[in-house]
Amino acid sequence: MMSHRAFLSLSDRKSYSRNGAKIHSAVERAVAHECKETVMSSNGSTGLSGRSVIVTGAASGIGRATALRFAAEGAKVVVADLNAEAAKETVAAIEAAGGTALAVAGDLSEPAVIAEVVAQSVASFGGIDVLVNNAGIMDTMTAAGEVTDAEWDRVLRINLTAPFALTRAVLPHMLEAGHGAIVNTASEASLRGSAAGTAYTVSKHGVLGLTRSLAVMYRDKGIRTNAIAPGGTVTNIHTSMAGLDTEGHGPRTIGAYMGNVGRTASADEQAAAIVFLASDAASNINGVILPVDNGWAAV
Ligand SMILES: NC(=O)c1ccc[n+]([C@@H]2O[C@H](COP(=O)([O-])OP(=O)(O)OC[C@H]3O[C@@H](n4cnc5c(N)ncnc54)[C@H](O)[C@@H]3O)[C@@H](O)[C@H]2O)c1
């Protein structure tokens with residue numbers, strides 16, 4: 001990764017020289033120097049071994065696959081989820097494979113549950129190196145004119161306010177350590193208005209804003225924040241769509257745009273991207289939203 005120092009010296013050269021060739025050669029020298037340092041310090045690992053990682057929504061789907069992948073990299077994983085039994089099952093699967101994990105069960109839209117997740121991570125694993133804000137629910141594909149207050153509040157609370165509140169609680173620990181990686185699970189609905197109902201679309205556009213704001217505000221504190229934007233993925237998320245009226249205005253309108261979605265992903269394909277963004281392999285990637293969608297975002 002190019003150091004701040006090297007970048008500043010490049011900027012200085014740029015403002016003092018009018019010779020294009022000279023600037024080019026200064027850039028090349030600085031990059032060559034930094035590359036040498038990077039190669040020398042890299043041992044080819046993801047840098048995740050021994051790290052303390054929180055994964056929310058890790059009892060099912062993308063979160064579960066992500067927890068298993070982090071554990072396989074040698075990370076210690078806090079499995080945070082509403083579903084206590086399934087969270088314990090994720091922990092058991094990790095332990096059976098020789099990994100380390102603990103479960104914290106509860107609704108992450110409750111401040112007390114957020115406090116408990118942070119406290120357990122610090123007490124049991126010595127800090128928090130990585131936070132994956134992944135827990136989320138669907139809406140009922142409803143258009144704005146039909147969204148109830150209850151649906152709006154529930155979707156925004158779980159998909160947007162909870163990731164913000166957990167991040168806010170984790171930040172002091174990352175700031176104290178001088179490093180951290182945050183990965184948010186956004187959605188194709190962060191990128192377009194035709195992937196879900198109004199409440200979910202707004203919540204996931206908010207996750208994109210949260211990601212970018214964190215990336216800017218904390219980049220010189222050693223904390224990187226990125227997001228994945230999954231397209232259709234095989235998980236249990238449909239269970240959160242109770243009340244869906246397939247004949248309603250919202251679902252019928254969105255249905256007309258579903259011809260471009262491409263191949264459905266597995267949860268593990270999403271997990272691979274999350275683990276990459278949290279790893280040292282992504283050490284200079286900050287503020288990106290990475291579609292994992294078989295090219296849907298490119299259509
Ligand atoms: N599956 C898809 O097609 C898809 C597409 C785009 C984005 N996503 C996003 O991926 C993320 C993971 O979803 P998934 O598809 O794996 O679904 P999933 O239902 O399989 O897993 C979600 C997990 O989050 C947990 N959860 C829900 N509300 C919670 C709360 N208040 N507190 C704590 N835990 C809670 C659930 O118990 C569940 O274990 C979500 O943010 C979702 O919006 C999914």
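Biologist: Where is the place of Gly178?
Modeller: Gly178 sits in the loop between H6 and S5. Helices (H or I, at least four residues) and strands (E, at least two) are DSSP runs, numbered from the N terminus.

Biologist: Is Gly178 buried or exposed?
Modeller: Gly178 counts as exposed, because it has 9 C-beta neighbours inside 10 Å. The cut-offs go like this: a residue is buried if 20 or more other C-beta atoms lie within 10 Å of its own, exposed if 12 or fewer, and partly exposed in between, with C-beta atoms placed from the backbone.

Biologist: And how far apart are Gly178 and Ile223?
Modeller: They are 45 residues apart in sequence, yet 7.5 Å apart in space, C-alpha to C-alpha.

Biologist: What should I know about the model itself?
Modeller: This is a predicted model: local features need pLDDT of at least 70, side-chain atom pairs count only at pLDDT 80 or more, and totals for chains, interfaces and linings use all residues. Residues are numbered from 1 along each chain as its sequence is written.

Biologist: Back to Ile223, then. Which way does Ile223 point from S6?
Modeller: Ile223, Thr225, Ala227 and Ala229 point one way, while Arg224, Asn226, Ile228 and Pro230 point the other way, and all are buried. Strand S6 covers residues 223–230, and eight of its eight residues are buried.

Biologist: In what sense do S5 and S6 pair?
Modeller: S5 (residues 180–185) and S6 pair in the parallel sense, over six bridges. Two strands pair if DSSP finds at least two bridges between them.

Biologist: How many helices and strands does the chain have?
Modeller: Nine helices and nine strands. Of the 299 residues of the chain, 41% count as buried.

Biologist: What share of the contacts joins residues at least 24 apart?
Modeller: That's 75%, among contacts between residues at least 6 apart in sequence. Two residues are in contact if their C-beta atoms, placed from the backbone, lie within 7 Å.

Biologist: Which residues touch the most other members of the largest nonpolar core?
Modeller: Val55, Ala67, Val77 and Val79, out of 69 residues in that core. A nonpolar core is a set of buried Ala, Val, Leu, Ile, Met, Phe, Trp, Tyr and Cys residues joined through C-beta atoms within 7 Å.

Biologist: What does Val55 touch?
Modeller: Leaving out residues up to four places away in sequence, Val55 touches Gly63, Thr66, Ala67, Phe70, Val77, Val79, Ala80, Val132 and Asn134. Val55 also stands opposite Val79 in S2.

Biologist: How many bridges join S1 to S2?
Modeller: Five, and the two strands run parallel, with S1 at residues 52–56. Both faces of S1 are covered: Ser52, Ile54 and Thr56 lie on one side, Val53 and Val55 on the other, and all are buried.

Biologist: Why is S2 largely enclosed by the rest of the structure?
Modeller: Because six of the six residues of S2 (residues 76–81) are buried. Lys76, Val78 and Ala80 are on one side, and Val77, Val79 and Asp81 on the other.

Biologist: What span should H3 have, and what are the end C-alpha atoms doing?
Modeller: At 1.5 Å a residue, H3 (residues 61–72) should span 16 Å, and its end C-alpha atoms are 17 Å apart, which agrees. The expected span of a helix is 1.5 Å times one less than its number of residues.

Biologist: Which residues come nearest the ligand?
Modeller: Gly57, Ser60, Gly61, Gly136 and Thr235, of the 28 residues around the ligand. A residue is near a molecule or strand if its C-beta atom, placed from the backbone, lies within 6 Å of it. H3 gives the most to that shell, with three residues.

Biologist: Last topic: what is phi of Met141?
Modeller: Near 65°, a positive value in a residue other than glycine. Most residues other than glycine have a negative phi. Met141 lies in the loop between S4 (130–133) and H6 (149–177), and Met141 is buried, with 25 other C-beta atoms within 10 Å.

Biologist: And phi of Asn294?
Modeller: Phi of Asn294 is near 60°. Asn294 is found in the segment after S9 (289–292), and it is partly exposed, with 17 other C-beta atoms within 10 Å.
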